[in-house]
Amino acid sequence: MPSVKLKHHSPPPDTITSSSDSVRLLSRETLRISASLASPPDDDLPLLSPPSPDSQFLHSTLRLICCEEIDGRRFKYVAETDGSSGGFKKNSVRSISLQSPQTPFDEVGSFLRSYVVPEGFPGSVNESYVPYMTWRALKHFFGGAMGVFTTQTLLNSVGASRNSSASAAVAINWILKDGAGRVGKMLFARQGKKFDYDLKQLRFAGDLLMELGAGVELATAAVPHLFLPLACAANVVKNVAAVTSTSTRTPIYKAFAKGENIGDVTAKGECVGNIADLMGTGFSILISKRNPSLVTTFGLLSCGYLMSSYQEVRSVVLHTLNRARFTVAVESFLKTGRVPSLQEGNIQEKIFTFPWVDDRPVMLGARFKDAFQDPSTYLAVKPFFDKERYMVTYSPAKGKVYALLKHQANSDDILKAAFHAHVLLHFMNQSKDGIPKLVEQSDPAFAPMEYELESRIAESCEMVSTSYGIFKSRAAEQGWRMSESLLNPGRARLCHVNEGE
């Protein structure tokens with residue numbers, strides 16, 4: 001793609017402006033460039049009209065690369081050209097917001113909304129959500145206020161202290177412990193849709209946290225003077241685990257129900273859990289009379305708890321393809337030509353991972369600034385996806401495949417982008433396996449992978465065009481239900497910007 005040369009005059013010395021003027025002038029410069037690039041193409045791009053003499057960026061060679069939208073806010077990416085080579089300078093991509101910065105009030109409002117309403121509100125819920133949550137908040141307000149007095153009364157009843165002031169202090173410490181747990185529960189609830197698409201992983205992680213909280217509670221016996229901070233920390237961890245258990249319970253029971261009996265399945269499941277809990281309580285009372293070693297007993301019971309939890313989540317057979325099960329299905333299809341059955345896919349799904357750790361090799365719905373550090377790479381990859389509503393690329397330095405979604409991408413485009421990303425990762429891994437070990441050790445981000453990127457993308461495009469439909473039909477034959485929402489497609493979208501914007 002030919003470079004755009006800017007005509008300019010030498011600026012007078014009094015043209016240096018403040019930093020706020022710099023942002024305004026940079027925006028004016030890039031908008032003029034975008035208008036030029038949007039004009040009908042010729043064999044040779046016309047030279048831009050000379051900038052105004054009051055510009056600080058006369059010697060700048062910035063060019064508009066692409067535009068992006070995320071959560072209703074638009075950004076444009078510009079890069080600096082290299083006059084000597086005609087290409088772009090390395091790591092010269094800059095992001096410029098097309099909206100004015102949010103006011104502190106708007107930022108606080110966005111922060112609070114991320115905690116108290118679901119993603120996509122109000123379109124993601126029906127009209128009865130707001131009144132229900134309003135009355136629910138009032139109910140918990142009165143319940144929390146009443147809890148202070150009931151806790152103090154209970155402590156007095158068991159003789160915790162006959163002194164009213166000391167009794168109040170004990171009650172307040174106890175309430176602070178419970179309050180810290182509620183804060184932890186609220187903070188973790190921000191995970192939102194992760195409870196839907198990483199259900200098994202979060203369920204098992206929550207049980208790990210539950211045992212960690214129990215261990216911290218036992219530690220208070222060794223350092224009783226640190227009771228309040230340790231008890232607060234333990235309660236935070238255990239309430240986070242409680243949020244995870246509550247949020248993942250319904251989807252799991254829904255997988256068992258056939259028809260409209262989800263309420264009955266949930267009630268019976270909770271009944272089984274309560275019976276087992278009472279039996280465990282009775283068993284612990286019996287063995288506690290023999291004064292066993294506290295550490296040994298806790299270790300054995302924790303091992304049994306975690307082993308049971310792991311097998312519990314592995315036994316659940318879900319029909320939906322989230323990121324983990326989608327990876328299992330695509331990798332099996334690429335290696336063997338078949339899609340695993342529901343039982344096979346669920347058993348092969350990795351459970352012992354933490355969904356909040358962003359170390360996956362495929363990033364779906366990635367932001368432009370994460371996928372492309374070199375604008376030349378973007379311009380080289382872009383033609384392969386002119387007819388698609390997505391594009392994929394590979395970063396040798398990070399070892400990840402990035403799938404970027406365009407603004408008009410629908411659910412099938414998102415699924416196809418995820419499939420294409422795994423295909424490209426498969427090809428890149430094959431290419432990496434062919435590199436000599438000595439070269440890999442000397443430089444993990446070996447340059448030949450960059451040279452091979454275009455050819456690998458071309459191969460992946462050819463394979464996706466012939467195999468994506470086959471993959472979908474075979475997945476449907478096995479009973480899989482594919483939903484793009486469970487793949488966590490991110491919120492960033494590549495978009496076009498009009499000259500007026």
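Predicted model: local features only at pLDDT ≥ 70, side-chain atom pairs only at ≥ 80, totals over all residues.
User: In the open sheet of three strands, which are the edge strands?

Analyst: Three strands make up this open sheet, in which the pairing is mixed and the order is β4-β6-β5. Within that sheet, neighbouring strands are turned against each other by 15° on average when direction is ignored. The strands that pair on one side only are the edge strands, namely β4 (362–364) and β5.

User: Which residue in β6 stands opposite Leu 364?

Analyst: Strand β4 is joined to strand β6, which covers residues 400–405, by three bridges, and the two run parallel. Across this pairing, the residue of β6 that stands opposite Leu 364 is Ala 403.

User: Is Thr 393 buried or exposed?

Analyst: Thr 393 lies in strand β5, which spans residues 390–395. Leaving aside residues up to four places away in sequence, Thr 393 touches a set of residues including Phe 372, Val 381, Tyr 402, Leu 424 and Ile 457. Because its relative accessibility is 0%, and buried means under 20%, Thr 393 counts as buried.

User: Why is one side of β3 and of β7 left without a neighbour in the sheet of four strands?

Analyst: This second sheet is also open, with antiparallel pairing and the order β3-β2-β1-β7. Strands β3 (94–97) and β7 (492–495) stand at its edges, so one side of each has no neighbour in the sheet, the reason being that each has a single partner strand.

User: What is the bridge partner of Phe 75 in β3?

Analyst: Strand β2, made of residues 73–80, pairs with β3 in the antiparallel sense over four bridges. Looking along this pairing from Phe 75, the bridge partner in β3 is Ser 97.

User: Are α6 and α9 roughly parallel or roughly antiparallel to each other?

Analyst: Two packed helices are described by the angle between their axes and by the distance between those axes. For helix α6 (residues 199–219) and helix α9 (residues 294–315), the axes come within 9 Å and cross at roughly 170°. Since angles over 145 degrees count as roughly antiparallel, the relation of α6 to α9 is therefore roughly antiparallel.

User: How many nonpolar residues does the contact of α6 with α9 have?

Analyst: From α6, residues including Phe 204, Leu 208, Met 210 and Leu 218 take part in the contact, and among those they meet in α9 are Phe 298, Tyr 305, Leu 306 and Val 313. Sorted by class, the contact of α6 with α9 has three polar and six charged residues, while the number of nonpolar residues is 11.

Conventions
Residues numbered from 1 in each chain as written. Heavy atoms only, no water. Buried < 20%, exposed > 50% of the residue type's maximum accessible area, 1.4 Å probe, protein only. Contact = heavy atoms within 4.5 Å. Pairing = 2+ DSSP bridges. Axes fitted to C-alpha atoms, helices over the stretch in contact; angles between N-to-C directions. Parallel < 35°, antiparallel > 145°, perpendicular 65-115°, else oblique. Nonpolar A, V, L, I, M, F, W, Y, C, P; charged D, E, K, R; others polar.
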